[in-house]
Amino acid sequence: MNRLPKIQPPQPQSTDATKPVHITSDFAVGSSDVVLMAGPCSVENYAQTRAAAEAVARVGGRVLRGGAFKPRTSPDSFQGLGEQGLEILRDVADEFGLLVITEALAVEHVPLVARYADIIQLGSRNMQHYPLLWAVGELEKPVLLKRGFMSTIDEWLKAAEHISSRGNTNIILCERGIRTFETATRNTLDTNAIALAKQLSPYPVIADPSHATGRAALVLPAARAALAAGADGLLVEFHPDPAHALSDGQQSLPLSTLPHFVEEMGKITAVFNRTFT
Ligand code: PEP
Ligand code: MN
């Protein structure tokens, strides 16, 4: 009996081998350890940032997040403390032995941010700001490249190539939600993108369930989904008092819930023989 040949759909070329990005000699993103990067959306003052650092350190976290230069939709919103914010971040991170991730918003900020940060974050709105990609590409400092909220996976990976083309291959990708027709949530977490970016690139991929959902009550379930899809880490907004946060309070989890969050993430990573710290 004649059988028609089976037609295979085209498969993406899978590298299936994430190359860990070493932040220090004893800490990498993209290994079997799934990493937590947590802290406030914005550095608002010393006490708020110190409280976040203390809470992150207490759960065994290694990386403190916080924005000093903030990309805000409205020019009337809090724009961040600038260099003073970087000083606060570095100070409290050093006190608790943490690493710092913070955003460089403009090319002229890159040398300054690189002095204070262990990982330079490039934000969603800047994913295709090529001069900024080239500027961080000239450094060796690890870069977290957030996906543009209206960018395809292909555009995101090409943006990473703009960085690597200048020599810096210490790149971590971050899926932070894309704009869809849905308005009930701030963005839509694209779990496909987490899995596909890991298959198509050598870079670790982490997820930001805070900006992906825009709702504190959805952060935990979205984080679970991201880890199930293979994310190598999470960038999550926590605040000592979300109701009074100067930015993104509606999606920030109270610091008091951090131990529970870490415990829940540990249950997911255990399924994949990975740890969560
Ligand atoms: C942030 O991490 O606070 C931020 C501004 O994120 P995004 O660039 O994803 O909007
Ligand atoms: Mn934010």
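Start by selecting Ser201: its side chain reaches the backbone oxygen of Ala197 at 3.0 Å, a polar contact (a pair of N or O atoms within 3.5 Å; within protein, one must be able to donate a hydrogen and the other to accept it, and residues adjacent in sequence count only if both atoms are side-chain atoms). This is a predicted model, where local features need pLDDT of at least 70, side-chain atom pairs count only at pLDDT 80 or more, and totals for chains, interfaces and linings use all residues. Residues are numbered from 1 along each chain as its sequence is written, chains are lettered from A and ligands numbered from 1 in the order in which they are written, and side-chain values use heavy atoms, leaving out hydrogens and water.

Ser201 is buried, at 4% relative accessible area; buried means under 20% (1.4 Å probe, protein chains only).

Next, pick Ala52, which is buried too, at 0% relative accessibility. Show Gly39, Pro40, Leu64 and Leu255 around Ala52: leaving aside neighbours within four places in sequence, these are its contacts (heavy atoms within 4.5 Å). Gly39 is 13 residues from Ala52 in sequence, yet 5.6 Å away in space, C-alpha to C-alpha.

Now jump to ligand 1. Select Arg176, where a polar side-chain atom lies 2.6 Å from an oxygen atom of the ligand. Then try Gln121, with a side-chain N or O atom 3.0 Å from an oxygen of ligand 1, and Glu237, with a polar side-chain atom 3.4 Å from a ligand oxygen.

How values were computed: Buried means under 20% relative accessible area, exposed over 50%, partly exposed in between (1.4 Å probe, protein chains only).
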